[in-house]
Amino acid sequence: MVEFKTFSNGFPYIEVTNSVSSAKIALQGAHIFEYKKDGKNELLWLSSLAQFEENKPIRGGIPICWPWFGPHSEPSLPQHGFARISLFSFISCDEKDDITSVVTLKLTDSPKSKILWDFSFELLVTISISKELYVSIKTTNTDIKEFKITEALHTYLNVENILDAEVFGVKKSTYFDQLSKTMKVQKNDLHIDQEIDRIYINPNNKLTLKEKNRTIFLQNSHSNSLVIWNPWREKVKSIKDMQDHEYKNMLCIESANVLDDSKIVQPDRSITLSLKLSSISY
Ligand code: BG6
């Protein structure tokens, strides 16, 4: 079942429910901001101060960073691209069976997008809601000239206590440390006890986040870079849509195509980045 809803300020989202799961997806950004499996809000973190307003990114869920990741060399252009602050069109919600709903949303170029990025494109987002969550973003070049993109599924995972969490799948990977602006090598599995902002190069495409009572599995496709981010206790104070203590309960593990993994898309060609998320609790 799919229902079209709005917040009191008119900000639109859709609510999808089937017999095993449910999700809320903002039309702005094709942004899934809640996903519940078996009635529990399990995998995705959403800030208690998240804002649902036109032209503002939502802090939590899975923002889509596209067609560039991070800051643009032209500082007046929006951080992480414009997809996360653009209104997508609803295409369909198909009930595959009583346990799987597949939502499709689309963004195409407009006079507004061409001011920010002068290309014709189609960005198709498919979200499959079931006992697992699957998100894919397909970029098609509808222009007559090639373009280059960087992108990420900026997934905010909900963790009970960041100090008890461990990430498997990045051991021995090289990464660009965005804090020191140097390349480093990850020696061991990752335990986070300070600010982290890293771009891993060629990590395993299957990652695991282990907590005391739960394991989350991430599987990336067509992605050879991965961002891991937590602002920790000092930087969180400068993030106005996040409470000071909330860094303890989130970790961003972002399936990406960034740095040397950026993608050139030729006219009439498409590329797809996707992520499958699942979990088991003990
Ligand atoms: C991460 C970046 O992906 O996103 C960080 O690596 C950035 O550098 C973070 O701070 C949050 O970005 P924003 O624009 O959503 O505040």
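A polar contact here is a pair of N or O atoms within 3.5 Å. The model is predicted.

Q: How far is an oxygen atom of the ligand from an N or O atom in the side chain of D197?
A: A pair of N or O atoms has to lie within 3.5 Å to count as a polar contact. The pair formed by an oxygen atom of the ligand and an N or O atom in the D197 side chain has a distance of 2.5 Å.

Q: How much of the accessible area that the ligand has on its own does the protein cover?
A: On its own, the ligand has 390 Å² of accessible area. The part of this area that the protein covers is 80%.

Q: At what distance from an oxygen atom of the ligand does a polar side-chain atom of Q79 lie?
A: Two further side chains can be taken together here. For R84, an N or O atom of the side chain is 2.9 Å from a ligand oxygen atom. For Q79, the distance from a polar side-chain atom to an oxygen atom of the ligand is 3.1 Å.

Q: How many residues of the shell around the ligand are charged?
A: The ligand is surrounded by R59, F69, Q79, H80, R84, H154, Q178, D197, V227, W229 and E254. Three residues of this shell are nonpolar and four are polar. The number of charged ones is four.

Q: Which elements give two or more residues to the lining of the largest pocket?
A: The largest pocket has a volume of about 740 Å³. It is lined by 36 residues, and those closest to its centre are G70, P71, Q79, H80 and H154. The elements that give two or more residues to this lining are strand 18 (196–201) and strand 21 (225–230).

Q: Where does the ligand sit?
A: The lining of the largest pocket divides into 16 nonpolar, 10 polar and 10 charged residues. The place where the ligand sits is this largest pocket.

Terms used. Residues are numbered from 1 along each chain as its sequence is written. This is a predicted model: local features need pLDDT of at least 70, side-chain atom pairs count only at pLDDT 80 or more; totals for chains, interfaces and linings use all residues. Side-chain values use heavy atoms; hydrogens and water are left out. A residue is near a molecule or strand if one of its heavy atoms lies within 4 Å of it. A polar contact is a pair of N or O atoms within 3.5 Å; within protein, one must be able to donate a hydrogen and the other to accept it, and residues adjacent in sequence count only if both atoms are side-chain atoms. Accessible areas come from the Shrake-Rupley method with a 1.4 Å probe; for residues, only the protein chains shown count as cover. On a 1 Å grid over the protein atoms alone, a cavity is a set of points where a 1.4 Å probe fits but cannot get out, and a pocket is an open set with protein on both sides within 12 Å along at least five of seven lines; lining residues have an atom within 4 Å of a point. A molecule sits in a cavity or pocket if more than half of its atoms lie within 2 Å of its grid points. Ala, Val, Leu, Ile, Met, Phe, Trp, Tyr, Cys and Pro count as nonpolar, Asp, Glu, Lys and Arg as charged, and the others, Gly among them, as polar. Grid points are joined across faces, edges and corners, and a volume is the space filled by probe spheres set on the points. Helices (H or I, at least four residues) and strands (E, at least two) are DSSP runs, numbered from the N terminus.
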